[in-house]
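Biologist: Can we walk through this one together? I'll ask, you answer.

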Amino acid sequence: MERTAQDYKKGQPRWCPGCGDHFFLASFHKALAEIGVAPSDIAVISGIGCSSRLPHYMATYGMNTIHGRAAAIATGTKVANPHLSVWQVSGDGDGLAIGGNHFIHANRRNIDINIVLLNNRIYGLTKGQYSPTSPRGFVSKSSPYGTVEDPFRPAELCFGARGHFFARAVATDAPGTIEVLKAAHAHKGTAVCEILQNCVIFNNGTHDSVYDKAGREHNAIYVRHGEPLVFGPNKEYGLVQDGFGLKRVEIGRDGYTIDDILVHDAHAADNTLQLKLALMGDGDGFPVALGVIRDVEAPTYDEAVMAQLAEVSAAKKYHTFAELLETNDVWEVK
Amino acid sequence: MLPRSPTGRKAYLCSRTGCSKSLKDTNITNQTYMAEHLDIQELEQVVVRFSGDSGDGMQLAGNIFSTVSATVGNSISTFPDYPADIRAPQGSLTGVSGFQVHIGAGKVYTPGDLADVLVCMNAAALKTQLRYAKPDATIIVDIDACQQKDLERAAFATDDPIAELGIDSDRVVACHLTTMVKDALSDSGMDQKSMLKCRNMFALGLVCWLFDRDLEVAYAFIREKFARKPAVAEANIKVIQAGYDFGHNTHSTANNVRRIESREKVPGRYMDITGNKATAYGLIAAAERAGLKLYLGSYPITPATDILHELAKHKSLGVTTVQCEDEISGCASALGASFAGALAVTSTSGPGICLKSEAMNLAVIMELPLVVIDVQRGGPATGLPTKSEQTDLLQVLFGRNGESPMPVLAALSPTDCFDAAYDAARIALEHMTPVVLLTDAFVANGSAAFRLPDLNEYPEIHPHYVPEELRGTWTPYQRDPETGARYWAVPGREGFTHILGGLEKDNATGAISTNPENHDLMTRLRAEKVARISVPDLEVQGDKDDAELLIVGFGSTYGHLHAAMDELRAQGHKVALAQFRYINPLPANTAEVLRRYPRVVVAEQNCGQLAAYLRMRIDGFAPEQYNEVKGQPFVVSELTSYLTQQLGR
């Protein structure tokens with residue numbers, strides 16, 4: 001059945017004009033239409049925060065729950081009904097601060113949910129405090145003299161928790177976002193999609209280097225499995241392995257040809273180079289990696305739960321409560 | 001020197017009851033055979049307490065003895081009293097583990113105040129457990145475990161612990177238990193360590209002799225438990241027999257050998273069940289009757305973990321258990337499962353409730369079915385993890401932000417955990433609400449004979465699904481006109497997509513709303529829905545027409561309060577008991593019952609939480625209070641002496 005973005009749309013979003021969430025929402029509707037799952041087979045589950053309002057704008061099943069618990073709630077929903085396509089939508093505070101524990105354990109278990117992490121590096125709904133992704137020294141209402149702590153880097157946290165899928169897109173980049181969301185849906189297991197999203201009110205410009213197309217031409221690299229890691233307006237730059245790290249080179253200079261350039265392997269089980277790609281762009285002279293950085297097949301929690309239910313069920317002789325009673329030591333009193 | 005086993009005393013030994021050899025489907029009759037030249041002392045009831053190191057297997061010995069007794073139709077009530085340490089230093093005072101069982105010819109309501117027989121597997125047990133024995137109790141002690149080193153560990157000052165504790169040596173059976181175990185197993189080829197693991201079975205055998213229990217039932221239990229290790233099973237059986245023979249040969253009892261003949265038998269097929277297992281079974285039964293999959297989200301916590309253990313076994317019944325990363329996730333994931341259409345449950349104890357409160361509150365506003373099991377333990381904070389209290393009552397009633405009404409039930413006994421869990425699930429599914437079931441360490445770990453239930457005798461459960469005819473017009477907060485419950489639209493069903501959440505919603509449209517009138521209305525509708533849940537009337541037992549004093553309690557103190565009432569009535573007092581099982585909503589006749597009697601005592605294991613709640617709900621209600629927070633069950637004799645004073649006022 002042919003579906004359109006309209007089939008997934010509901011209501012009038014209440015985010016600030018220019019908020020990155022608007023861009024993401026439009027891409028999400030389009031991505032779901034392209035994926036084609038029936039709206040009634042989708043559950044969109046969020047926590048609390050600006051971006052967590054998103055389920056209200058979906059014509060699917062959904063819950064806008066409590067702060068930080070979306071991953072835990074989504075886990076229960078998916079285990080109880082693995083047939084559903086389950087999407088968690090969280091901000092950086094909801095997903096990585098108060099919800100950090102659930103985030104890492106979802107990744108560890110590899111439950112088949114898609115986690116959309118809308119990262120604007122700020123607490124918007126509470127009007128401008130630093131978040132766990134704000135850079136060290138970040139000045140906000142709750143850190144007037146700058147923060148004295150390092151941020152989480154979502155990919156690092158995902159990989160550290162044995163995550164098998166990590167992708168990144170910029171909210172304003174519709175094709176990039178749709179591509180990432182479709183890949184997340186196709187991936188079986190926890191799929192983390194970090195969406196770089198701008199808060200126009202409290203942290204305007206945080207992703208400026210890649211927020212528009214021109215910026216991305218210079219400061220981002222689109223990674224695609226099986227393709228060389230090249231970037232720049234004319235794809236004139238590339239990445240090569242250099243000792244234990246990566247090096248940015250110009251093709252045709254210093255003897256580097258396209259054949260020297262690393263070919264992206266999102267399916268490699270060893271996440272070493274994928275992590276290096278994911279961490280690029282933090283003022284280190286490297287471009288920000290966009291696209292599917294890691295996408296590795298692994299057993300999923302929900303499938304394993306179902307398989308074990310079936311396996312044990314086949315092996316055991318009791319399948320009703322009355323039969324269960326008989327497995328005990330029973331005596332009769334006359 | 002320790003006293004030797006008294007011998008030459010008159011022995012009273014009776015024969016077996018007519019119990020068949022297999023434990024499964026055993027046919028018990030009342031028939032008994034009198035052995036020659038043996039007298040029998042018939043006892044109405046007896047309390048036995050096994051005690052030893054936490055690694056000595058006292059719980060197992062106690063369990064087998066209980067099962068053997070229940071098998072002949074005796075009423076039983078058990079109380080495992082174990083330390084928080086898994087394996088405290090051997091022989092230390094803090095590492096003593098006890099298992100008390102009360103056996104009765106008629107109905108027993110409690111594990112008993114004080115023991116008639118106390119088994120002490122070492123010096124530390126003797127020292128710490130003596131306080132749980134009656135002044136004339138028979139005390140069985142392993143002298144081999146009362147050597148110099150053991151006495152030092154147990155902080156005895158002299159080398160004669162019996163004299164030091166002032167125990168009359170005539171009532172002590174001091175035997176070389178360890179030596180006899182080793183002797184019994186000398187040709188088994190077992191190593192020393194494995195042999196010592198069987199010590200508990202010697203004590204079991206001796207107690208079985210003392211109470212004329214059928215060893216075949218114990219053997220069947222052992223063979224089943226060690227089905228995969230037949231050699232271990234046979235070694236244990238040999239030691240049970242050795243203990244039994246020791247009793248027989250030496251007539252080693254300081255008092256009498258006794259038998260507890262069963263009366264008031266309710267015919268039927270029975271099994272032994274703990275409160276936690278009964279809770280798990282109640283949930284399984286409810287899921288089956290509701291036609292739903294059972295989902296448990298949980299995080300291990302004493303004393304609730306056995307519910308997780310039990311449910312994790314039963315995948316062939318479609319039960320899914322998720323051991324979550326924390327208590328929060330246990331409850332939150334259950335709520336997610338509820339949204340997806342499962343019978344969702346989370347199990348915990350007080351400290352876990354603190355963490356689950358937020359998701360419980362979300363369940364209140366989303367109006368989704370959820371069963372929250374709180375197996376209460378001593379608090380606050382970590383408190384007394386292995387001990388029992390009733391101190392979470394006000395927490396589960398009121399411990400959430402906002403107006404957050406939630407039905408609360410409290411199970412009365414280990415077997416009542418089954419009915420209460422079934423009922424909690426039924427209420428949750430039919431009224432679209434989270435429900436709290438309160439049990440506690442005492443009922444959760446205690447056990448009793450459980451008459452196998454026939455589910456057809458239980459009410460049907462009808463989950464409150466959206467009827468098909470509402471397709472097209474349905475909104476998420478549309479309510480059943482009778483119960484006030486909203487309808488359940490489960491994801492996957494086309495035509496009923498909707499959003500729930502923690503933000504207040506418009507009653508008519510289900511959209512987010514901050515409208516003041518709407519919030520006021522929604523608050524009242526949620527409260528009204530809970531208030532309209534129909535619960536049975538509060539039952540008054542005892543002298544319901546003319547009691548001078550009404551005892552009031554809730555949940556697990558039922559047995560102790562009932563026993564206290566029985567005793568007072570036996571003394572000629574007019575006393576009644578009203579035990580609350582449904583706490584929110586309260587039974588409709590609550591005020592009438594509480595006002596009917598000249599004097600009311602609310603007795604509970606907290607500082608007056610039920611009394612405070614009843615005072616709040618019942619205008620002018622001013623009861624006397626009996627409160628105890630010791631982590632131990634009530635002591636019936638203490639209750640009766642307090643109540644007698646009240647009666648005399």
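Biologist: In β11(B), what is the bridge partner of A:E332?
Modeller: The partner is B:R269. Before going on, this is a predicted model, where local features need pLDDT of at least 70, side-chain atom pairs count only at pLDDT 80 or more, and totals for chains, interfaces and linings use all residues. Residues are numbered from 1 along each chain as its sequence is written, while chains are lettered from A and ligands numbered from 1 in the order in which they are written.

Biologist: Which strands does that bridge belong to, and how do they run?
Modeller: Strand β14 (residues 331–333) of chain A and strand β11 (residues 268–274) of chain B are antiparallel, with three bridges between them. Strands are DSSP runs of E, at least two residues, and helices are runs of H or I, at least four, numbered from the N terminus. Two strands pair if DSSP finds at least two bridges between them.

Biologist: How many residues does each chain put into the contact?
Modeller: Chain B gives 63 residues and chain A gives 49 residues. Contact means C-beta atoms, placed from the backbone, within 7 Å.

Biologist: Which helix gives the most on the chain B side?
Modeller: Helix α12 (residues 327–339) of chain B, with nine residues.

Biologist: New topic. Which residues touch the most other members of the largest nonpolar core?
Modeller: A:C193, B:L335 and B:L343, out of 281 residues. Such a core is a set of buried Ala, Val, Leu, Ile, Met, Phe, Trp, Tyr and Cys residues joined through C-beta atoms within 7 Å. Buried means 20 or more other C-beta atoms within 10 Å of the residue's own, again placed from the backbone.

Biologist: What is B:L335 in contact with?
Modeller: Leaving aside neighbours within four places in sequence, its contacts include A:I73 and A:G76 in chain A, and B:A344 and B:L370 in chain B.

Biologist: Now the sheet in chain B. What is the strand order?
Modeller: β13-β12-β14-β15-β17-β16-β23, an open sheet of seven strands with mixed pairing.

Biologist: Why is one side of β13 and β23 left without a neighbour in the sheet?
Modeller: Both stand at the edges of the sheet in chain B, each with a single partner strand, so one side of each has no neighbour there.

Biologist: How do β12 and β13 of chain B pair?
Modeller: In the parallel sense, over four bridges. In one of them, B:L296 has B:T321 as bridge partner.

Biologist: Last one. How far apart are the C-alpha centres of domain 2 and domain 3 of chain B?
Modeller: They lie 26 Å apart. Domain 2 covers 271–457 and domain 3 covers 540–648 in chain B, with bounds from an automatic or database domain assignment.

Key: Two residues are in contact if their C-beta atoms, placed from the backbone, lie within 7 Å. A residue is buried if 20 or more other C-beta atoms lie within 10 Å of its own, exposed if 12 or fewer, and partly exposed in between; C-beta atoms are placed from the backbone.
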